[in-house]
Amino acid sequence: RNRYYLALVAVFIAAGVFFLRAPQVAGEKRSGASAVPLSTQWDLLSAEYLQSGSEEMLGQWLVEQPEEAVSPATPDVRSLHALERKIDRYLAQISGTRTIPNLSFNIVRETTPLYEKFTGFDRRSVRSLASVTKVITSEAVLQLVDRGFLQLDAPVADYLPEAPFARNPVEDKPITVRHLLQHRSGLPYYNSRGGKSMPSPQRGLHYFVPNQFRAAGAGFAYSNHNYYTLALLIETVSGMTFPQYLDQEIFSRTGMADTRASSIANGASGVSSNIRDLNLFLAALFLDEAPVRLISTRMREEMIAPPENFENPGPDMMYYGLGIRVQYRDGAPAEIIHTGIWHNCFAEVRFFPRHRAYLVHLADPPRFRARRVNEYRWESVRMVTDYLNLVDRVAPDLISTDVPAEPPSEVR
């Protein structure tokens, strides 16, 4: 009988514990977002989206979370969601039209997608990059500098002694590899000054190298011939064709599975890619903690440094570095950009160093010089800048602050 009463007491005690604990457990389940950081939840959700092909928007997801999970950032979350709807409306107005029939557009912070929108295209739709090819050519050259095959400030004549500028450069100032990368070689945009057709050492193509119109280093003059010459340089010192080098040393290493350099890619254009692959490329280029690094930290610093004796220095200066444009604001790099635009082609990559984020968008405007295409370019960038500023306030933990003090010992 005593054992019976003891068992009965135990049952009542257990029941009391259960009923006292149940509301607490239920509360934990309802506010489960607090058990796992929002950034971790979004990362997991992003991975699912990347597999499914669906569009994703950080702000929309955040407003669907319990208010206690996003407090005290709730007002900024609503602002972020409102800005996403504004971007949605703008992209819906400009894309799917005669101005821009098809568009793929995404904003990524580090390796986490924040916002995506597709009209006609998706993240795997491959498009010509036009002059964004120059960024990839630049990375190939800087890899070869890292590996000791080239020197940035060596005369190009050391590698291409048959080039027309090799023996008698204007004002006896030799063109260097750096001059070609910065469009400061003195080579003209057009071929009106004569020059020389130089055969590729690796394939049945010829590169036309024109005569200079002014001395090397005298100033900036954008010319595709600089990058034709760099492609010839890559083939000469690597022993591979230009497309082979890009495929082996850049595309394969970074997992850019859909990216191709055509058989006639020439350094200035000829690469086709999609936003998925370009996200991988930008991470490998700009993020120290990326699993694959394309160039050393020193080369990246060289890439975005102002040209020597730059004509217009200042806190908000803009210049062309080694294969990419750099926009300063308040004395520091704010945007690192390259655009490719041509018939039925718009491609742009834009890295925001302060936010460790990038915008990639690809489109197919039939009239690439149309006023609305140019308006789209600048309006989209303005809205993305506002968006990233809001993300900084809403979800700062989406960005890793643990940047290694030293780069990896091996640049793979």
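Colleague: Which residue in the turn of the E11 and E12 hairpin has a positive phi?
Modeller: Arg356, at about 50 degrees. Four residues lie between the two strands. Strands here are DSSP runs of E, at least two residues long; helices are runs of H or I, at least four residues long; both are numbered from the N terminus. This is a predicted model: local features need pLDDT of at least 70, side-chain atom pairs count only at pLDDT 80 or more, and totals for chains, interfaces and linings use all residues. Residues are numbered from 1 along each chain as its sequence is written, and side-chain values use heavy atoms, with hydrogens and water left out.

Colleague: OK. How many bridges join E11 to E12?
Modeller: Seven, and the strands run antiparallel. Two strands pair if DSSP finds at least two bridges between them. Phe346 has Ala363 in E12 as its bridge partner.

Colleague: What about E1 and E12, parallel or antiparallel?
Modeller: Antiparallel again, over seven bridges. There, Asn106 stands opposite Val360 of E12.

Colleague: Why is E12 largely enclosed by the rest of the structure?
Modeller: Seven of its seven residues are buried, so the rest of the structure largely encloses it. Buried means under 20% relative accessible area, exposed means over 50%, and partly exposed is in between, with a 1.4 Å probe and protein chains only.

Colleague: Which residues of E12 sit on one side and which on the other?
Modeller: Ala357, Leu359, His361 and Ala363 are on one side. Tyr358, Val360 and Leu362 are on the other.

Colleague: Zoom out. In what order do the seven strands form the open sheet?
Modeller: E2-E1-E12-E11-E10-E9-E8, with antiparallel pairing. Strand E2 (112-119) and strand E8 (318-320) are the edges, each pairing on one side only. On average, neighbouring strands are turned by 15 degrees against each other, direction ignored. Axes are lines fitted to C-alpha atoms, for helices over the stretch in contact, and angles run from 0 to 180 degrees between N-to-C directions.

Colleague: Which helix packs on the sheet?
Modeller: Helix H10, residues 275-286. It touches E1, E2, E10, E11 and E12, and its direction makes about 150 degrees with that of E12. Contact means heavy atoms within 4.5 Å.

Colleague: Is H10 buried or exposed? How many of its 12 residues are buried?
Modeller: 10 of the 12 are buried, so H10 is largely enclosed by the rest of the structure. Among them are Ile275, Asp277, Asn279 and Phe286. H10 reaches 16 Å from first C-alpha to last, close to the 16 Å expected. The expected span is 1.5 Å times one less than the number of residues.

Colleague: Which residues have the most contacts inside the largest nonpolar core?
Modeller: Val177, Leu181, Leu246, Ile250 and Phe281, in a core of 75 residues. H10 gives the largest share, eight residues. A nonpolar core is a set of buried Ala, Val, Leu, Ile, Met, Phe, Trp, Tyr and Cys residues joined through side-chain atoms within 4.5 Å. Another core, of 34 residues, lies apart from it and includes Ala73 and Tyr376.

Colleague: And what does Ile250 touch?
Modeller: Its contacts include Ile136, Gln143, Met256, Phe281 and Leu294, not counting residues up to four places away in sequence.

Colleague: Switching to H6. How many of its 14 residues are buried?
Modeller: 13, so H6 is largely enclosed too. This helix covers residues 133-146 and reaches 20 Å, close to the 20 Å expected. Just after H6, Gly148 takes a positive phi of about 90 degrees.

Colleague: Back at the E8 side, how many bridges join E8 to E9?
Modeller: Three, and the strands run antiparallel. Tyr320 stands opposite Arg325 in E9. Their hairpin has four residues between the strands, and Gly323 in the turn has a positive phi of about 90 degrees.

Colleague: Which residue takes a positive phi in the hairpin of E9 and E10?
Modeller: Asp330, near 55 degrees, with two residues between the strands. E9 and E10 pair over five bridges, antiparallel.

Colleague: Last one. How many helices and strands are in the chain?
Modeller: 12 helices and 12 strands. Of the 412 residues, 51% are buried.
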